[in-house]
Amino acid sequence: MKFTLEPTADRNVIRSYSDSEVRVGERALQSPFIVTPHELYTDWPATSVSALRADDLERVLEWQPEVLLIGGAGGPGALSGEVRRALAARGIGCEVMHLGAACRTYNVLVSEQRAVAAALFPLRAT
(Lines give C-alpha, C1' and ligand atoms only; values in the text may rest on other atoms or scores of the structure.)
Protein backbone atom coordinates (compact mmCIF):
# COMPACT_ATOMS: atom_id res chain seq x y z
CA MET A 1 0.00 0.00 0.00
CA LYS A 2 1.23 3.50 -0.84
CA PHE A 3 0.63 6.58 1.27
CA THR A 4 0.46 10.18 0.16
CA LEU A 5 1.49 12.55 2.91
CA GLU A 6 2.46 16.18 3.19
CA PRO A 7 6.22 16.70 3.00
CA THR A 8 7.91 16.03 6.33
CA ALA A 9 11.60 16.45 5.63
CA ASP A 10 12.39 16.63 9.32
CA ARG A 11 10.56 13.39 10.30
CA ASN A 12 10.70 9.74 9.33
CA VAL A 13 7.42 8.67 7.78
CA ILE A 14 6.47 5.39 6.19
CA ARG A 15 5.82 5.97 2.48
CA SER A 16 4.64 2.46 1.59
CA TYR A 17 4.63 -1.10 2.84
CA SER A 18 3.99 -4.69 1.85
CA ASP A 19 4.52 -7.86 3.86
CA SER A 20 8.09 -8.07 2.54
CA GLU A 21 9.19 -4.41 2.44
CA VAL A 22 8.65 -1.11 4.23
CA ARG A 23 9.74 2.18 2.66
CA VAL A 24 10.78 4.85 5.17
CA GLY A 25 11.39 8.02 3.23
CA GLU A 26 13.43 6.81 0.26
CA ARG A 27 14.86 3.72 2.02
CA ALA A 28 13.39 0.31 1.18
CA LEU A 29 13.79 -2.04 4.16
CA GLN A 30 13.30 -5.81 4.07
CA SER A 31 14.83 -6.71 7.47
CA PRO A 32 13.58 -5.90 10.97
CA PHE A 33 14.17 -2.29 12.03
CA ILE A 34 13.09 0.37 14.50
CA VAL A 35 11.87 3.79 13.42
CA THR A 36 10.99 6.95 15.33
CA PRO A 37 10.18 10.37 13.93
CA HIS A 38 13.89 11.27 14.14
CA GLU A 39 15.80 7.94 14.28
CA LEU A 40 16.07 4.91 12.01
CA TYR A 41 17.82 1.85 13.44
CA THR A 42 18.39 -0.71 10.68
CA ASP A 43 21.32 -2.68 12.09
CA TRP A 44 18.98 -4.49 14.48
CA PRO A 45 19.66 -8.14 15.35
CA ALA A 46 16.05 -8.98 16.30
CA THR A 47 14.50 -11.72 14.16
CA SER A 48 10.81 -11.96 15.10
CA VAL A 49 8.18 -10.63 17.47
CA SER A 50 7.97 -13.90 19.41
CA ALA A 51 11.79 -14.08 19.80
CA LEU A 52 12.07 -10.45 20.96
CA ARG A 53 13.96 -9.95 24.25
CA ALA A 54 14.18 -6.89 26.48
CA ASP A 55 17.84 -6.50 25.45
CA ASP A 56 16.73 -6.15 21.82
CA LEU A 57 14.83 -3.01 22.79
CA GLU A 58 17.70 -1.28 24.58
CA ARG A 59 17.79 1.55 22.06
CA VAL A 60 14.02 2.06 22.28
CA LEU A 61 14.27 2.25 26.06
CA GLU A 62 16.91 4.98 25.68
CA TRP A 63 14.63 7.01 23.36
CA GLN A 64 11.73 6.74 25.85
CA PRO A 65 8.77 7.01 23.48
CA GLU A 66 5.23 7.25 24.83
CA VAL A 67 4.26 4.20 22.82
CA LEU A 68 6.01 1.38 20.98
CA LEU A 69 4.21 -0.21 18.05
CA ILE A 70 5.38 -3.70 17.15
CA GLY A 71 4.30 -4.92 13.73
CA GLY A 72 4.87 -8.29 12.16
CA ALA A 73 4.03 -9.46 8.65
CA GLY A 74 2.07 -12.68 8.46
CA GLY A 75 0.51 -12.02 11.88
CA PRO A 76 1.90 -10.12 14.81
CA GLY A 77 2.96 -12.98 17.10
CA ALA A 78 3.08 -12.92 20.88
CA LEU A 79 5.27 -10.64 22.95
CA SER A 80 7.07 -12.14 25.94
CA GLY A 81 6.26 -11.13 29.50
CA GLU A 82 9.90 -10.05 29.92
CA VAL A 83 9.52 -7.46 27.16
CA ARG A 84 6.14 -6.24 28.43
CA ARG A 85 7.55 -5.81 31.95
CA ALA A 86 10.62 -3.90 30.68
CA LEU A 87 8.41 -1.49 28.73
CA ALA A 88 5.91 -1.07 31.58
CA ALA A 89 8.75 -0.33 34.03
CA ARG A 90 9.70 2.64 31.81
CA GLY A 91 6.11 3.79 31.31
CA ILE A 92 6.15 2.92 27.60
CA GLY A 93 2.83 1.74 26.19
CA CYS A 94 3.02 -1.14 23.72
CA GLU A 95 0.74 -2.42 20.98
CA VAL A 96 1.44 -5.54 18.91
CA MET A 97 -0.33 -5.72 15.55
CA HIS A 98 -0.03 -6.72 11.91
CA LEU A 99 2.70 -4.89 9.98
CA GLY A 100 0.29 -2.80 7.91
CA ALA A 101 -1.69 -1.64 10.94
CA ALA A 102 1.55 -0.70 12.71
CA CYS A 103 2.73 1.33 9.70
CA ARG A 104 -0.57 3.22 9.44
CA THR A 105 -0.77 3.86 13.20
CA TYR A 106 2.86 5.03 13.30
CA ASN A 107 2.18 7.63 10.58
CA VAL A 108 -0.92 8.92 12.37
CA LEU A 109 1.01 9.32 15.63
CA VAL A 110 3.92 11.03 13.82
CA SER A 111 1.45 13.47 12.22
CA GLU A 112 0.14 14.22 15.73
CA GLN A 113 3.75 14.89 16.82
CA ARG A 114 3.60 12.10 19.41
CA ALA A 115 6.68 10.38 20.83
CA VAL A 116 6.31 7.06 19.02
CA ALA A 117 8.61 4.23 18.00
CA ALA A 118 7.80 1.29 15.74
CA ALA A 119 9.64 -2.03 15.71
CA LEU A 120 8.75 -3.58 12.36
CA PHE A 121 9.31 -7.09 11.06
CA PRO A 122 8.75 -7.47 7.30
CA LEU A 123 8.85 -11.03 5.97
CA ARG A 124 12.22 -11.82 4.48
CA ALA A 125 12.19 -12.91 0.87
CA THR A 126 13.57 -16.41 0.42
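These notebook entries record what I looked up in a predicted model.

**Entry 1: N12**

I began with N12, which lies in the segment before β1 (14-18). I then listed the contacts of N12, leaving aside neighbours within four places in sequence. The list holds V24, V35, T36, P37, H38, E39, L40, Y106 and V110.

**Entry 2: nonpolar cores**

I next turned to the largest nonpolar core, which has 21 residues. Within this core, V22, L69, Y106 and L120 touch the most other members. I noted that β1, β2 (21-24), β4 (33-35), β6 (67-72), α3 (99-111) and β8 (116-121) each supply at least two of the core residues. The largest share, six residues, comes from α3. Another core, of 19 residues, lies apart from this one and includes V49, L52, V83 and C94.

I looked up L69 separately, again leaving aside neighbours within four places in sequence. L69 is in contact with E95, M97, A102, T105, Y106, L109, V116, A117, A118 and A119.

**Entry 3: cysteines**

Which cysteine sulfur is closest to that of C94, and how far away is it? The closest is in C103, at 15 Å. A disulfide requires sulfur atoms within 2.5 Å, so this separation is too far for a bond. Taken from C103, the closest cysteine sulfur is that of C94, likewise too far for a bond at 15 Å. I therefore recorded zero disulfides.

I also checked burial: C94 counts as buried at 17% relative accessibility, and C103 counts as buried at 0%.

Terms used: Residues numbered from 1 in each chain as written. Predicted model: local features only at pLDDT ≥ 70, side-chain atom pairs only at ≥ 80, totals over all residues. Heavy atoms only, no water. Helix = DSSP H or I, 4+ residues; strand = E, 2+ residues; numbered from the N terminus. Contact = heavy atoms within 4.5 Å. Core = buried A, V, L, I, M, F, W, Y, C linked by side-chain atoms within 4.5 Å. Buried < 20%, exposed > 50% of the residue type's maximum accessible area, 1.4 Å probe, protein only.
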